[in-house]
Every structure is written in C-alpha cells, then in structure tokens.
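These are my notebook entries on a single structure. I set out what I looked up, one topic at a time.

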Amino acid sequence: MAKPTTPRADSAKAKAAVPAGADHNRPRPETPTDYKASKEELLEFYRQMVLIRRFEEKAGQLYGLGFIGGFCHLYIGQEAVAVGIQSALKPGKDSVITGYRDHGHMLAYGIDPKVIMAELTGREAGISRGKGGSMHMFSVEHKFYGGHGIVGAQVSLGAGLAFGHKYNDDGGVCVAYFGDGAANQGQVYESFNMAELWKLPIIFVIENNQYAMGTSVNRASSEDQLYRRGESFRIPGIQVDGMDVLAVRGATEEALKWVQGGNGPILLEMKTYRYRGHSMSDPAKYRSRDEVQAVRENSDPIEGVKKYLIDAGVSEDEIKVIDQDIRKIVAEAADFAETSPEPEMHELYTDVLVEQY
Ligand SMILES: Cc1ncc(C[n+]2csc(CCOP(=O)(O)OP(=O)(O)O)c2C)c(N)n1
Ligand SMILES: [Mg+2]
C-alpha cells in the first residue's frame with residue numbers, strides 16, 4: 001500500500017497542470033510565481049498565522065475542559081492556506097465558503113477572535129449567536145457563507161454564490177474550499193460541470209491535508225494528484241505548496257487573473273498537512289507520529305514565514321513581541337468565551353427560517 005507523502009515530497013513549488021492528453025490548444029493560466037511580499041505584509045502574514053495557531057491550541061484546551069461541546073476541527077498546520085488566499089481577496093466583494101474546519105478562515109478575515117471563541121462555547125455573543133458552534137460560523141457582512149458540516153455541499157453552494165456574482169455582475173469571485181476527502185463526493189463534479197459550462201467566477205480550492213477522517217488520500221483516491229480533477233470538465237488545475245504562504249498568495253493572484261478574465265473556474269490544489277486529529281477524538285491509527293513530527297520539523301508554515309522575516313531584517317525580539325501580543329489576544333478571547341452569557345431561550349426561534357413574501 002502506498003505510503004502517505006509529506007506535502008513537499010511530490011509537489012514541485014507550484015506547477016500548472018498539463019496532463020497527458022489535455023487539449024494543448026486551449027488557453028491555460030500562467031505558471032504562478034511566489035508572491036513578493038513587503039516586510040509589512042510578511043509581518044501581517046506571520047501575525048495572522050500565529051493567531052490561528054494559538055487560537056486553535058486554546059480551543060483544543062477549552063474542549064478538553066468541557067467548555068466546547070459537539071464537533072471541533074482544528075486548522076493547525078494549514079494556516080498558510082487561508083491566510084495566503086484571503087490576503088489576495090477584496091473584502092466585501094469576493095465571497096468565501098468552506099467546510100467545518102472553519103475557525104482559521106474566520107480569523108484570516110480579521111473577525112474578532114472573541115466572537116469566534118464565544119461561538120465555540122455556545123454563547124450569545126458568538127458570531128452565530130451560539131447556535132452554530134464550531135462547524136457553522138457565518139458572517140454575511142464579510143461575505144463568508146460558512147462553515148458546513150456536509151462534506152462537499154459547500155462546493156455546490158459555492159457554485160451558487162458564483163452564479164450570484166455573475167448574475168448581479170458585481171465583479172466578485174467566489175472561493176470554495178473543500179478537502180481531499182470531499183474531492184471524492186459526487187456533487188463536486190456536478191458543480192464543476194455547471195461552473196465551467198456557465199463560466200462562473202469561482203476558484204475551487206482543495207485543501208489537501210493528506211487525510212480525510214480516517215484514511216489517507218493515497219489510500220482513498222484513484223487519482224491522488226487532485227489538481228487534475230477538473231481537467232475533464234476543462235477546468236485547469238494548479239498544484240501549490242500550501243505550506244508556503246508566498247506560494248499560496250502567488251497562485252491565488254494567478255487564479256484571480258484567470259477567473260476575472262472571464263475564463264470561468266480554476267482549481268487550486270493546496271498541498272498541506274493537518275497536525276492534529278481529524279476532530280477532537282481521533283485514535284490516528286492511519287499515520288505514524290514520526291510522519292507528523294517530520295512535517296513539523298521540515299515544512300511548518302509559521303517557521304517558513306519566520307525565516308522570510310529574518311531574511312527581511314526583522315529581529316527575533318520584534319517577532320517575540322508579536323508572539324506575546326497574540327497570546328494576550330487569545331487569552332482574552334478565551335476569558336470572554338468562558339464568562340459571557342448563554343443565549344436566551346427565544347434564540348431557538350430566530351435565524352432558523354427565512355420567510356419571503
Ligand atoms: C456527506 C458526508 N459524508 C460523510 C461525512 C462524515 N465526515 C465528516 S468529515 C469527513 C472527512 C472529510 O475529509 P476532507 O474532505 O479531507 O476534509 P478535512 O477534514 O481533512 O479538512 C467525513 C467523511 C459528512 N460529514 N458528510
Ligand atoms: Mg483532508
């Protein structure tokens with residue numbers, strides 16, 4: 001049986017996909033290059049990624065203490081994906097939809113960590129008034145349309161959001177994130193077909209963190225080079241080093257150019273890795289500790305940005321100040337989420353049904 005690979009093992013930095021047999025006369029997106037970030041942008045990437053990491057560690061602790069109920073899927077290891085992509089989008093114009101591993105995406109939007117943590121603990125002040133919990137966070141104000149627990153469903157909903165952008169001619173692009181496991185769901189391909197047929201402005205992003213719930217992508221997928229999955233629908237795919245925020249941002253710029261040029265959808269396969277279990281209870285029999293440790297040591301996305309910062313002349317002390325600041329923000333978010341009140345009973349009946357006349 002094929003051994004699971006680490007993110008960098010079989011991915012070149014970022015390569016545009018031209019599989020054998022593809023129609024070479026068709027225009028294709030350019031091969032992306034790494035984004036050239038300023039020192040300020042690098043500092044912001046670092047800040048956001050450390051915020052996600054520390055927030056998720058704290059969420060794991062609060063779960064252990066019983067403050068968080070239900071499901072909880074942490075984003076640790078995948079920080080470069082949400083941060084790199086989100087940084088290229090236009091706030092309030094482009095829309096985003098994802099699955100249940102959604103806390104990092106909310107944070108990358110700049111949404112207050114307090115209201116995200118309070119959602120996790122089911123409080124009135126939570127972003128979905130405590131009714132959505134970990135998997136169902138929404139912020140229509142930010143054009144963030146969830147947070148979905150049905151694997152793959154967000155891809156079809158994303159195609160609908162992209163249809164909305166086209167119909168209203170508002171210039172927006174939808175980014176629909178889904179996992180390597182979700183990439184085997186049937187509705188994903190119905191959505192690919194329609195999206196390409198109608199040239200919808202959508203970037204399909206597969207967060208290939210190498211594992212679904214209890215098995216690896218190699219064991220579960222006949223075609224495990226997921227960037228090729230759109231080719232038979234004429235959707236070009238690009239494989240990206242999802243552990244490198246600059247590679248992610250560079251590929252997103254190229255994808256946006258493609259979609260905004262009226263070419264229809266594009267698929268980005270982000271090769272990344274989840275360090276923690278699938279959710280909070282996961283015996284993790286499908287991989288070894290050594291494998292996880294090797295990725296942490298060799299490809300950690302935060303350590304990667306730290307190296308870029310040092311190369312840009314930022315001192316270890318400056319980095320430490322950011323780290324301390326983030327610890328404080330996360331501690332305050334946790335205090336808030338533990339102490340703020342639960343929703344009133346009448347909340348059970350609000351935002352449940354939309355009535356249209
Ligand atoms: C339609 C459907 N089938 C099965 C499940 C159970 N389930 C929840 S998460 C998951 C694995 C999905 O893995 P992947 O798409 O790789 O996302 P990741 O958890 O790695 O982010 C499964 C099978 C579900 N929630 N919905
Ligand atoms: Mg996965």
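This is a predicted model: local features need pLDDT of at least 70, side-chain atom pairs count only at pLDDT 80 or more; totals for chains, interfaces and linings use all residues.

I consulted the UniProt record, an unreviewed entry, which lists residues 47-345 as "domain: Dehydrogenase E1 component". I then looked up this span in the model: 46% of it is helix and 9% is strand. The C-alpha atoms at its two ends lie 38 Å apart.

I located Leu-62 in helix H1, which covers residues 39-64. Is Leu-62 buried or exposed? Its relative accessibility is 2%, and buried means under 20%, so Leu-62 counts as buried. I next asked which residues Leu-62 is in contact with, leaving aside its neighbours within four places in sequence. They are Phe-67, Ile-68, Met-117, Thr-121, Ala-334 and Glu-338. For Glu-338 I also noted the spacing: it is 276 residues from Leu-62 along the chain, while the two C-alpha atoms are separated by 8.8 Å.

Asp-180 lies in the loop between strand E3 (174-179) and helix H6 (186-197), and Asn-209 in the loop between strand E4 (202-208) and helix H7 (217-220). The pair therefore ties together parts that are 29 residues apart in sequence. Lastly, I checked the accessibility of the pair and recorded both Asp-180 and Asn-209 as buried.

Note on methods. Residues are numbered from 1 along each chain as its sequence is written. Chains are lettered from A and ligands numbered from 1 in the order in which they are written. Side-chain values use heavy atoms; hydrogens and water are left out. UniProt positions are given in the numbering used here, feature names are shortened, and annotations may be inferred rather than shown by experiment. Helices (H or I, at least four residues) and strands (E, at least two) are DSSP runs, numbered from the N terminus. Buried means under 20% relative accessible area, exposed over 50%, partly exposed in between (1.4 Å probe, protein chains only). Contact means heavy atoms within 4.5 Å.
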